[in-house]
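The questions below go through a protein model element by element.

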Amino acid sequence: MGKIKTTFPDGSQREYESGTTGLFIAESISKGLAKEALAVEVNGEVWDLSRRINSDASIKILKWNDDGGKYAYWHSSAHLMAEAVEALFPGTKFGIGPPIEVGFYYDLDLGDRQLTNDDLKKIEEKMYELSNRDAPYVREEKPWAEAVSYFKKKDDPYKLELLEDLKGETISFYHSGNFTDLCYGPHLPSTGKIKAIRLLNLAGAYWRGSEKNKMLTRIYGVTFPTKKELDDYLFRLEEAKRRDHRKLGQELELFLLTPKVGGGLPLWLPKGAVLREALIEFMKDEQKKRGYDFVVTPHIGNLELYKTSGHYPYYKDSQFPPIRISDDEAFLLKPMNCPHHHQIYAVKPRSYRDLPIRLAEFGTVYRYEQSGEMNGLTRVRGFTQDDAHIYCAHEQLKEEIKSVTEFTQYVFKTFGMEVRTRLSYRDDKNVEKYGGQAEFWERAQREIKEVADEMKLDYFVGIGEASFYGPKIDFMVKDTLGRTWQLGTVQVDYVMPERFQLEYVGSDGQKHRPVIIHRAPFGSLERFVGILIEHFAGEFPLWLSPVQVAVLPITDAFAGYGQEVIAKLKSNGIRVELDDRNEKIGYKIREWETKKVPFMLVVGEKEQAAGTVAVRQHKKGDQGAVSLHEFVQRIVETITQKSLTL
Ligand SMILES: [Zn+2]
Ligand SMILES: [Zn+2]
């Protein structure tokens with residue numbers, strides 16, 4: 001037996017006997033690592049810890065926090081579940097049982113048996129019992145014919161069908177406890193590593209995804225190394241359901257998606273439109289302060305315009321087909337606002353003294369998303385971008401990137417969102433994928449990094465994440481549930497100025513090409529509102545709340561005073577509704593509470609006599625009586641400051 005050399009992620013190297021295992025390597029490094037180890041990555045492939053390594057290799061011991069570790073964990077959990085099912089329901093036939101993004105499933109043929117939620121509980125209990133036995137996962141390789149005869153004997157048509165595609169190959173089996181599966185692996189060392197188990201739900205799934213085949217029963221489950229992690233996950237799952245923007249959007253009457261208008265084409269209801277307008281107004285005010293000019297451009301444009309930009313035909317799969325008028329005239333629903341803005345730049349000769357020129361528009365664009373990909377407001381076919389294009393001289397680029405980055409950060413801070421920044425560079429091994437000259441790319445990438453360093457941004461570099469026409473800065477926002485969303489981008493573009501022959505006259509009297517920055521902090525207003533609904537669980541900060549205050553007279557007799565209160569609030573720009581229905585006050589309060597309105601003002605005899613209002617705050621209840629004047633002052637201040645708390 002010879003020696004093999006292993007290289008670790010930190011670059012260090014060690015020598016082992018050939019035929020050593022990942023587990024042995026982990027133990028040789030530390031006992032703690034061996035205990036935490038779930039699998040091992042060998043030259044980029046995930047292997048069982050018990051598998052022998054026979055040649056020099058790059059090695060990474062995988063733990064729970066590594067994707068490969070989770071993969072082995074959930075894959076092994078699928079086997080554990082299958083063993084439990086087989087023990088409880090003998091004769092079950094098994095389809096496939098892969099790990100998924102979070103957790104795993106297994107597709108089962110249980111004959112005529114319909115599983116119930118009680119059955120899921122029983123399977124779960126059995127899984128705990130089997131995990132306690134701590135049976136090892138054992139890999140075994142067999143010739144193809146032997147594998148076939150095993151599953152013939154077991155009478156499992158699904159595994160036999162899978163084997164048909166592997167004809168002639170060596171087949172790997174995995175045994176754990178009493179269960180044997182046809183499987184590539186990798187798996188955990190033993191079932192005892194699986195500590196916290198929850199089977200989530202049942203679904204129907206056609207064998208191999210085809211409607212022509214039999215519908216199998218799919219069981220979804222998740223497992224974790226500790227009960228706490230499972231509980232945290234289940235909590236986040238419930239929270240995500242409670243916060244689902246599609247559900248809240250309907251309950252709070254914000255928007256409507258209906259097949260009568262078309263999938264992915266949202267209609268904004270009055271309350272949603274208020275929210276949208278508040279966002280637009282905020283962005284308009286901030287952009288005016290920062291020297292942007294507003295423009296308005298139509299929803300369609302001549303097809304030739306998009307041929308010049310290259311958006312047609314290169315992105316035609318994600319666009320609605322052109323509207324053809326005649327053989328030589330066609331229009332495109334605009335997939336981008338950029339080419340329209342470039343025409344505005346080119347409307348007259350530009351001098352270096354005019355630059356930078358910043359053109360902004362809330363421009364609605366249309367993309368043809370596949371029907372399966374549409375999802376509430378987050379994936380739609382028509383949406384409005386908070387778009388702008390900055391035309392500047394090369395020597396102004398850094399300053400402009402800095403100010404748009406600052407602006408974007410400011411925007412997300414206003415919503416209490418944590419931001420991480422990705423510097424998206426081109427992949428130097430794949431330069432033919434990108435337009436523009438190499439020297440511009442290098443310079444722009446260097447300048448983006450300088451800006452990020454000077455601003456002390458929390459950033460990471462994404463190689464190959466650049467767009468076709470230039471490097472960009474992407475902002476990844478974390479919401480209250482810890483989910484990451486890619487929102488605004490700042491893109492540097494050297495290609496479109498060439499394609500559209502954009503120019504300015506420099507101080508040297510010569511013609512030069514400007515550089516363009518494309519930027520949109522929200523990206524899409526629709527998607528941003530969807531994210532905001534979930535981020536705030538529908539409990540918007542006061543400045544965004546569609547209804548900020550509800551006025552509730554105790555009885556009809558005080559409706560007149562209620563009107564007075566309403567008039568005063570309205571004259572201060574506060575969005576308010578009067579509830580003068582002939583209902584009990586307790587009933588009205590409960591109803592406005594479910595509408596998540598930040599403030600309720602209860603008015604009766606005492607309040608009318610003293611010129612006060614009895615304030616109730618959403619979720620906090622009675623806050624006591626204050627003079628109407630004082631209440632107005634207080635909330636106007638909260639609104640003006642865009643405060644996140646009331
Ligand atoms: Zn497996
Ligand atoms: Zn653009």
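Q: What is the count of buried residues among the 5 residues of strand S2?
A: This is a predicted model, in which local features need pLDDT of at least 70, side-chain atom pairs count only at pLDDT 80 or more, and totals for chains, interfaces and linings use all residues. Residues are numbered from 1 along each chain as its sequence is written, while chains are lettered from A and ligands numbered from 1 in the order in which they are written. Strands (E, at least two residues) and helices (H or I, at least four) are DSSP runs numbered from the N terminus; a residue is buried if 20 or more other C-beta atoms lie within 10 Å of its own, exposed if 12 or fewer, and partly exposed in between, with C-beta atoms placed from the backbone. Strand S2 (residues 13-17) is hardly covered, and the count is 0.

Q: Which residue in the turn of the S1 and S2 hairpin has a positive phi?
A: Strand S1 (residues 3-7) pairs with S2 in the antiparallel sense over 5 bridges, pairing being called when DSSP finds at least two bridges between two strands. Within this pair, Thr 6 stands opposite Arg 14. The hairpin has 5 residues between its strands, and the one with a positive phi, about 95°, is Gly 11.

Q: What is the bridge partner of Leu 108 in S14?
A: Strand S9 (residues 104-109) and strand S14 (residues 215-224) pair in the antiparallel sense over 5 bridges. In S14, the partner of Leu 108 is Thr 217.

Q: What angle does helix H5 make with S11?
A: An open antiparallel sheet has the order S10-S11-S12, with S10 (138-142) and S12 (179-182) as edge strands. The twist averages 25° from one strand to the next; axes are lines fitted to C-alpha atoms, for helices over the stretch in contact, and angles run from 0 to 180 degrees between N-to-C directions. Two residues are in contact if their C-beta atoms, placed from the backbone, lie within 7 Å. Helix H5 (residues 144-154) packs on the sheet, touching S10, S11 and S12, and its direction makes with that of S11 an angle of about 45°.

Q: Why do the buried residues of H14 line one face of the helix?
A: The buried residues of H14 are Trp 441, Ala 444, Ile 448, Val 451 and Ala 452. The arc is that of the directions from the helix axis to the C-beta atoms. Seen down the axis of H14, its buried residues line one face because they fall within an arc of 100°.

Q: Which residues are exposed on the other side of H20?
A: Helix H20 (residues 628-640) reaches 18 Å from its first C-alpha to its last, close to the 18 Å expected at 1.5 Å a residue, where the expected span is 1.5 Å times one less than the number of residues. Its buried residues are Leu 628, Phe 631, Ile 635 and Ile 639. They cover an arc of only 60° around the axis, which puts them on the same side of H20. The exposed residues on the other side are His 629, Glu 630, Glu 637 and Thr 640.
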